[in-house]
Amino acid sequence: MALSLFRVKMTCIKVLALYSTLLFSVSGVANTMTASVAINQAPSASVKQMLGQKLMLDLRYFCTETPAQGKCKTPMTRLPAELAALIRDYDIGGVILFAENLHSVEQIIQLNRDLQSAAQSSALKLPLFIGIDQEGGRVARLPRSLATSFSGNMAIGATYAEHGTAFASTVGKALADELLPLGINVNFAPTVDVNVNPLNPVINVRAFGENAQQVAELGGAMTAAMQQQGMIAALKHFPGHGDTEVDSHLGLPKVEHSAQQIRQVDLYPFAQIIKHNQPGMIMTAHIQYPALDSSTFVSKEGEQMIKPATLSRTILYDVLRKELGYTGVIVTDALDMAGISKFFTQTEAVIQTFAAGADIALMPVKLQQPDELPALAALLEQLTAAVTADKIPQSELRASYQRIVALKQLYPLIPAELTVAEQHKRAHAVLGNASHRASELALAQAAVTQIKPAVGMPFTLEQQKNLLLVMPDNAKATALSAALRHYSKVPFAISVISLQQPDISDAIAKIAAADIVISGFISPMQSLADIGGMDDMTGISNIAAAYQRQKTQFETLLPQIKASNKPHVFISLRAPYDITDYGQFADAVLTTYAYNTAEDPSLINAGNATYQALAQVLLGQIRPTGQLPVTVTGADN
């Protein structure tokens, strides 16, 4: 019944959205939004309360005592009284959860119930947005053995030629169905960036592909599927992160496209999805787009720079609101990312993004230990002063507050189950259930793309006795080994070279003893989006060094494998662009667009679908039907 009522509300909102389009040319964006989506009158609120609703906090870590040295790294898995008080006292609008917060069904449900209870005890009594980055593929915060994470967007893109938008819809529905019973109501997905740059370090396989129309269709189908179930979708990263060579976690990228190219490529998926699917949220990008806005600011270091989209009124108001007609909620990407924090003070970043037109500031302040907690009150005081000084116009603040409340009224933010036991039962029934795991495997199977040879395989794997797997690490080798043994009708002797091991001096002997070599590599290296964001910054140099060692090891081994004249299959496990460099060394080349394993890589039908699909392809049990959704130099050869 609750879901049926929600769908009635969704139908009403589409009618109202159509009405708002007619109003737009007459009454302006702020008034249009109020007219178009307000279902009930928002509760009366003070300036400070409205500002509190515009903050979405990161509660990943919390230490009850300030660490003697270093940063707090204690995961927040139970809501401490100090943080509950902040949510209550300052009418906070939302929180974002990360992998560190999420361990088991029971623990996640209790944490989210406690978060909503704190919000319910506030003066406004508005429920929280509880958000997560559960894109699928590389970026999935829930444990993979617990929830269904699927193979990600580029894998879906690889199925488009044969399956159209079917997998985008299936994945969107399953993600929503699994998140909602846990009490999570905002999914920062789908990523609708158009990945036209092979060197993109942070998007690559998070994109559906390089064709803007296909990205729009697939992103629209996923958005519709999530929102029809009651999950708020947040398109990202506006106006587009697809042609960057800098990770905005680490710096400030610039896209040098012409205005025409921006509208034909970068903006196109956003424009189409806004027109047809009314996404609840759109997330901004910390990226400079000089063809859209070449105005400048002076950084905290005194450097004059072009404004990033997150802080550009021209981009957020003139382009997103007026040109594209978006009437939903604009949320920033994390404000602690270097693309913002390197150039702005914490307070100035929030003031400027609110002045530019953003509704919600994501991760505006660190609250990880007791001596950091007063920073929230200080931020709200400074924001209130900015409203008084008209740096943030009060009329726009009220319009933004109305948008936030309208979205909270439109979606069922709190699970319908009244008791914890009922919520546990529903969550256990849907998370990682047989139907979702079957869909996860079906996507992985449909995505596998054979690059070389064009048709058929030059060998039959089950006629080989001794297999050598050269894999990025032991987990991936274990996953593929387990899948091969599970599906094969004959036994294999499988040896492994892990590219993480410091000494591969036995590689020549292992290659000589093998009947066939199956190698796999992951490129580019993990980005901070993969591993969870800015709190991992201190380890990025270690990750980079480890990745470079793996790459050197692999590139040393490839000529040796080629010289051995042993049959060799190369598997591109992430972005398929590495086929250009590595495909020449192999007799057969496959790409999966996904590489992740579950916590236990040996399990079948429990989060290791990529490797199950690979095993079935290698064994000749299924035919690879995926098609490259991006251009790869040399793939034809």
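Which side chain does the side chain of Ser-400 make a polar contact with? I looked this up first in the model, which is a predicted one. The partner is the side chain of Asp-359, at 2.7 Å.

**Entry: Ser-400**

I placed Ser-400 in helix H16, residues 394-410. Its relative accessible area is 2%, and buried means under 20%, so I noted Ser-400 as buried. I then listed its contacts, leaving aside neighbours within four places in sequence: they are Lys-54, Ala-358 and Asp-359.

**Entry: His-436**

I found His-436 in helix H18, which covers residues 434-447. I read a relative accessibility of 9% for His-436, which counts as buried. Its side chain reaches the backbone oxygen of Val-430 at 3.3 Å. With neighbours within four places in sequence left aside, I have His-436 in contact with Thr-148, Phe-150, Ala-174, Asp-177, Glu-178 and Val-430.

**Entry: the disulfide**

I looked for disulfides and the structure holds 1. Cys-63 and Cys-72 form it, with 2.1 Å between their sulfur atoms. I noted 95 degrees about the S-S bond, and the link of Cys-63 and Cys-72 is right-handed. Both Cys-63 and Cys-72 are buried.

**Entry: the sheet of 8 strands**

I traced an open sheet of 8 strands in the order E11-E8-E7-E6-E3-E2-E1-E12, and its pairing is parallel. At the edges I have strand E11 (329-331) and strand E12 (361-362), each of which pairs on one side only. Helix H5, residues 105-120, packs on this sheet and touches strand E2 (94-97) and strand E3 (129-132). The direction of H5 makes about 165 degrees with that of E2.

I then went through some of the pairs. E2 and E3 pair in the parallel sense over 4 bridges, and the bridge partner of Val-95 in E3 is Ile-130. Strand E6 (residues 186-187) pairs with strand E7 (residues 232-238), also in the parallel sense, over 2 bridges. Asn-187 stands opposite Ala-233 in E7.

Which way do the residues of E3 point? I have Phe-129 and Gly-131 pointing one way, Ile-130 and Ile-132 the other way, and all of them are buried.

**Entry: the sheet of 6 strands**

I traced another open sheet, of 6 strands, in the order E13-E18-E17-E16-E14-E15 and with mixed pairing. Strand E13 (449-452) and strand E15 (493-498) stand at its edges with a single partner strand each, so one side of each has no neighbour in the sheet. The twist averages 20 degrees from one strand to the next. Helix H24 (residues 609-618) packs on the sheet and touches strand E16 (516-521), strand E17 (568-572) and strand E18 (588-591). Against the direction of E18, that of H24 makes about 150 degrees.

Leu-469 stands opposite Val-496 in E15.

**Entry: helix H12**

I listed the buried residues of H12 (residues 313-323): Ile-315, Leu-316, Val-319, Leu-320 and Arg-321. Seen down the axis of H12, these fall within an arc of 165 degrees, so they line one face of the helix. At the start of H12, I found a side-chain oxygen of Ser-312 within 3.4 Å of the backbone nitrogen of Thr-314. Gly-325 follows H12 and has a positive phi, near 70 degrees.

**Entry: backbone in the loops**

I noted a cis peptide bond from Ala-189 to Pro-190, with omega near 0 degrees. Pro-190 lies in the loop between E6 and helix H9 (212-229). I noted another cis peptide bond from Lys-452 to Pro-453, with omega near -10 degrees. Pro-453 is in the loop between E13 and E14.

Asp-91 is not a glycine, yet I read a positive phi of about 45 degrees. Asp-91 lies in the loop between helix H4 (81-89) and E2. Asp-390, also not a glycine, has a positive phi of about 70 degrees, and I found Asp-390 in the loop between helix H15 (374-388) and H16.

Are Asp-91 and Asp-390 buried or exposed? Asp-91 is buried, with a relative accessible area of 3%, whereas Asp-390 counts as exposed at 52% relative accessibility.

Key. Residues numbered from 1 in each chain as written. Predicted model: local features only at pLDDT ≥ 70, side-chain atom pairs only at ≥ 80, totals over all residues. Heavy atoms only, no water. Disulfide = S-S within 2.5 Å. Buried < 20%, exposed > 50% of the residue type's maximum accessible area, 1.4 Å probe, protein only. Arc of directions from axis to C-beta. Polar contact = N/O pair within 3.5 Å; in protein donor to acceptor, adjacent residues only side chain to side chain. Pairing = 2+ DSSP bridges. Axes fitted to C-alpha atoms, helices over the stretch in contact; angles between N-to-C directions. Contact = heavy atoms within 4.5 Å.
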